[in-house]
Amino acid sequence: MPTIRARLLLVLVVLCGFLTVAGAPPATAASPADSLWFDGTPLTVQNGRFTDGQDREIVLRGYNVSGETKLEENGGLPFASVADARRSATALRALGGGNAVRFLLSWAHAEPVRGLVDTGYLAAATEQMRAFLDAGIRVYPDFHQDLYSRHLFNSGSWYSGDGAPKWAVDTGSYPREYCGICLFWGQNITQNAAVQKAQYDFWHNAHGLQDAFLDTAQAALTYLRQHLGDSEFASLVGFDPYNEPYAGSYDSGQTSRTWERDLLWPFYVKFRARMDAAGWQDKPALVEPNLFWNANISTQKQEGGLLDAGTLGSRYVFNTHFYDQKAISGILMWGKAADGQYTPDFSAVRDRASAAGTAAVVSEYGHPLSGTVSDKAPTVLKAMYQALDSRLPGARWWTGPAASGPALSGSQWQWDLYNGRHHELMNGNPDKVVTSADGWNDEDLSAVRLDDSGNVVLRQDARLLDRIYPSATAGSALAFTYEDRSRDGSTTLTWNPVPGSLPNVARLVGPGQYGLLVWRSGGGTAPTELHLPASFPASATTVVSDLGTVHAPPAHTASTPVGVAPEPGGTGSRRLLLTDTDSGVLHYALVTNGATAPSADLLTAARSELAAWATAHF
């Protein structure tokens with residue numbers, strides 16, 4: 001079909017979809033349950049950090065929802081129904097402690113026929129997305145792809161892909177896919193000629209493929225803007241244009257860095273223009289560099305990180321992934337992860353975002369939960385969360401906290417209700433029905449599953465996943481740490497014990513979990529917020545802060561400097577609210593569940609120690 005005719009038809013279909021899809025909410029959709037006056041404002045990027053309408057620094061933590069989008073069994077949607085989406089959202093808040101999700105979308109299902117946008121698919125995706133927005137969870141959609149498309153793979157293949165529609169593959173006349181001796185699906189990226197050629201064609205806009213994708217992306221962006229209410233749209237963080245971009249192959253004389261400069265970045269500029277045209281002009285594009293820019297295997301690493309894009313500023317966010325490929329290989333990392341293992345890797349993300357003048361998000365990280373390397377998962381994930389929380393290993397945190405810096409935003413891969421309960425015809429083959437694990441290329445990374453009664457249950461230690469983190473800081477976060485005391489089998493992992501130089505703080509914390517935030521106030525009236533895990537019921541929580549020291553903190557009120565309140569969404573999750581009335585003043589707050597009934601003398605002594613420590617180090 002001629003390109004102009006196809007685009008005109010696309011516009012007509014999208015406009016018709018706006019008129020015919022029933023159930024579009026009014027522009028004044030209600031705020032989530034349990035919202036307070038300072039909740040739900042749109043996020044922007046200022047001074048290299050996410051900020052809300054109250055000028056508070058925001059940290060996004062959560063999960064990818066979900067790898068189910070890669071499969072055909074539910075039509076490229078994360079869930080079989082809106083009811084499942086709501087069940088998932090409630091559990092993600094209450095069990096997983098998340099306040100944000102990366103929500104996967106499928107190009108193949110959004111545009112199954114070239115130039116024809118499936119508004120039915122967009123409507124279903126919007127309703128499932130709404131389930132998370134209603135639960136008070138911020139969302140950033142992602143047009144996902146891996147290995148370009150499932151339609152590159154034959155029905156008997158060992159592997160599959162996701163992303164581009166069948167017509168895009170048919171247009172290219174690609175060679176028969178073959179990976180050779182590939183032990184991991186990711187090897188197809190650089191060893192499968194069909195995948196390489198298809199990716200190459202996309203980045204060079206062969207057959208108008210990139211133009212078609214951008215047209216569909218704009219249609220999806222416009223649909224979401226017009227079919228979400230204002231308060232719902234306010235909770236969309238931005239949009240991730242393309243998952244794990246890679247050149248496919250490089251032209252003669254081209255390098256990974258020049259590919260980013262000459263092909264990847266111009267694509268993001270075009271996508272940014274489509275966002276603006278669709279009414280997303282105040283939201284950032286969460287852009288990913290060459291996926292190998294931060295590989296931790298030296299033979300895989302390629303120069304990149306959008307080094308030649310200049311200052312990204314408020315209209316783009318530096319968005320990247322991190323997996324420990326050495327640990328996943330089963331060969332290149334013997335033993336398990338240790339204290340501070342990934343602080344250099346995550347510090348590199350912080351530094352690259354800072355140099356680009358923008359915020360950062362690690363939108364994928366994780367580790368297999370079954371198979372030969374699954375024994376590493378408890379320590380690998382603990383080390384990843386530690387590196388998200390701070391630049392420092394636990395062994396150096398208390399003696400040099402000023403180098404800790406603010407916490408990073410991130411979304412763990414992944415949150416799949418259907419783990420172990422799939423019914424996926426792999427590459428359309430009825431003789432290859434996949435039911436196990438995540439249902440895709442032998443991956444098994446989902447943090448959750450459904451039990452036999454249909455309840456959502458965690459597959460990882462709740463102490464690891466449901467964490468204290470500074471979801472909103474009224475001012476500038478200077479340092480943060482959280483000792484989760486998560487377990488590796490029967491062993492409790494303690495990588496950041498309170499030092500003996502603070503004996504009363506150590507006595508107060510005991511064997512319990514604790515978090516400590518240090519910040520400088522900003523002059524606003526909204527409070528600082530810390531997510532409270534389920535392991536921190538108010539009756540067992542102790543707070544030691546210059547704003548107030550209290551065991552079993554009361555419910556939050558306007559006159560309560562230290563109080564507890566529900567998080568938005570009505571899921572039962574809770575937050576600690578810390579209210580100051582000054583500007584430019586140093587504050588600290590230690591939160592622990594280690595003390596049963598601490599005496600007033602112990603609380604006073606612990607506060608005195610923390611005050612002296614904070615003054616000495618900040």
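## Contacts of P566

P566 touches D34, S573, R574 and R575, leaving aside residues up to four places away in sequence. The model described here is predicted. P566 sits in strand β23, which covers residues 562-566. The relative accessibility of P566 is 39%. That value makes P566 partly exposed, because the class lies between the limits of 20% and 50%.

L532 is 34 residues away from P566 along the chain. The C-alpha atoms of P566 and L532 are separated by 9.6 Å.

## Packing of α2 and α4

Helix α2 spans residues 82-94, and helix α4 spans residues 119-134. Their axes are 8 Å apart. The two helices pack at an angle of about 30°. Angles under 35 degrees count as roughly parallel, so α2 is roughly parallel to α4. The crossing of α2 and α4 is right-handed.

Which residues make the contact? From α2 come V82, A85, R86, S88, A89 and L92. From α4 come E127, Q128, A131, F132 and D134. The residues of this contact divide into six nonpolar, two polar and three charged.

## Aromatic pairs

How many aromatic pairs does a search of the whole structure find? The search finds 38. A pair of aromatic rings is described by the distance of the centres and the angle of the planes.

F322 lies in strand β8, residues 316-322. F346 belongs to helix α12, residues 343-355. The pair therefore ties together parts that are 24 residues apart in sequence.

## Cis peptide bonds

The peptide bond from V65 to S66 is cis. Its omega is near -20°. S66 is found in the loop between β4 (61-65) and α2. Helix α2 is the one that packs with α4.

The peptide bond from W413 to Q414 is cis as well. Here omega is near 0°. Q414 is found in the loop between β10 (409-412) and β11 (424-425).

## Positive phi in loops

D55 has a positive phi, near 65°, and is a residue other than glycine. D55 is found in the loop between β2 (49-51) and β3 (57-58). The relative accessible area of D55 is 53%. Exposed means over 50%, so D55 is exposed.

L306 is likewise a residue other than glycine with a positive phi, in this case near 55°. L306 has its place in the loop between β7 (285-287) and β8. Strand β8 is the strand that holds F322. Is L306 buried or exposed? At 2% relative accessibility, L306 counts as buried. D55, by contrast, is exposed.

Methods:
Residues are numbered from 1 along each chain as its sequence is written. This is a predicted model: local features need pLDDT of at least 70, side-chain atom pairs count only at pLDDT 80 or more; totals for chains, interfaces and linings use all residues. Side-chain values use heavy atoms; hydrogens and water are left out. Axes are lines fitted to C-alpha atoms, for helices over the stretch in contact, and angles run from 0 to 180 degrees between N-to-C directions. Helices (H or I, at least four residues) and strands (E, at least two) are DSSP runs, numbered from the N terminus. Angles under 35 degrees count as roughly parallel, over 145 as roughly antiparallel, 65 to 115 as roughly perpendicular and the rest as oblique. A crossing is left-handed if the near helix is turned anticlockwise from the far one by less than a right angle, and right-handed if clockwise. Contact means heavy atoms within 4.5 Å. Ala, Val, Leu, Ile, Met, Phe, Trp, Tyr, Cys and Pro count as nonpolar, Asp, Glu, Lys and Arg as charged, and the others, Gly among them, as polar. Rings of Phe, Tyr and Trp (its six-membered ring) pair if their centres lie within 6.5 Å; planes under 30 degrees apart count as stacked, over 60 as edge-to-face and the rest as tilted. Buried means under 20% relative accessible area, exposed over 50%, partly exposed in between (1.4 Å probe, protein chains only).
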